[in-house]
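Subject: Structure handover, salt bridges

Hello,

I am passing this structure on to you.

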Amino acid sequence: TNDPKKQHVNIKFMVTNATESQAQADPVGYYIMDSSLKRLVRRGTDGVDDSILCQTAEGIKIKVKPFMVTRNLVKDSIKTRLRKIVRDYIIKYAQQKTLIDLLRDIVDYKPQEELRGILKKVYPLKAFEIRTLEITKDATDERTLVQIVKELSVQQEPEVKVEVPAV
C-alpha cells in the first residue's frame with residue numbers, strides 16, 4: 001500500500017498457480033506484529049483480546065483475533081461487554097463479505113474504524129486493531145489448506161500477479 005503507517009502489518013499469501021515467469025497467489029492470512037501491539041499497552045491501560053471463529057460469504061471458516069486497548073484500567077464487566085459487541089459485529093460483517101473483500105476492508109481499516117465508533121459508547125478506547133485473520137478448518141473437514149485456497153481461486157479471479165525473473 002506504500003503507507004508507512006502500515007509497516008507493522010504482514011499478509012500471508014499462498015501460490016496457487018505458477019508458470020515460467022508468473023505466479024498467482026491468494027491471500028490466506030493477515031497478521032500484525034506483536035512488537036507493535038506491545039507498544040500500545042502501557043501501565044494504567046488494559047489490553048483486551050478475543051478469538052472469534054466465523055464464516056465468510058463463500059463458506060470459508062476463518063479465525064479473527066481483535067485486540068483493544070482501553071484508556072484506563074477497567075472492570076471485567078466492561079471488558080466482557082466490549083468483547084460481546086466485537087464478536088457480534090465481526091460475525092455479521094464476515095458473513096456479508098468474501099474473504100478477499102474482508103481482507104481488503106481490514107487492510108483499508110474500515111471495520112476497525114466502524115467498531116471503534118460503536119465501542120466508544122461503552123468505553124473509550126486508546127486503540128482497536130484486528131491482530132490476526134487466518135483461514136482455519138474444522139477437524140471434520142478433510143480438505144487441506146491448499147485445497148481450500150485452490151477452491152477459492154477457482155471462484156474468483158486471481159488478485160495478485162508476481163513477475164519472477166528468469167534465472
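A salt bridge here is a side-chain nitrogen of Lys or Arg within 4 Å of a carboxyl oxygen of Asp or Glu. Please note that the model is predicted. In total, the structure holds eight salt bridges. Three of them are described here.

Lys 84 and Asp 88 are both in helix H2, four residues apart, so about one helical turn separates them. Lys 84 is exposed, at 51% relative accessible area, while Asp 88 is partly exposed, at 34%.

Helix H2, which covers residues 76–96, also holds Asp 76 and Lys 79, three residues apart, or about one turn of the helix. These two form a salt bridge as well, with 3.8 Å between the closest N and O atoms. Are its two partners buried or exposed? Asp 76 is exposed, with a relative accessibility of 56%. Lys 79 is buried, because its relative accessible area is 15% and buried means under 20%.

Asp 105 is buried, at 7% relative accessible area, and Lys 97 is partly exposed, at 24%.

Some salt bridges share partners: Asp 46, Asp 76 and Lys 79 are joined in this way into one network.

Regards

Definitions and conventions. Residues numbered from 1 in each chain as written. Predicted model: local features only at pLDDT ≥ 70, side-chain atom pairs only at ≥ 80, totals over all residues. Heavy atoms only, no water. Helix = DSSP H or I, 4+ residues; strand = E, 2+ residues; numbered from the N terminus. Buried < 20%, exposed > 50% of the residue type's maximum accessible area, 1.4 Å probe, protein only.
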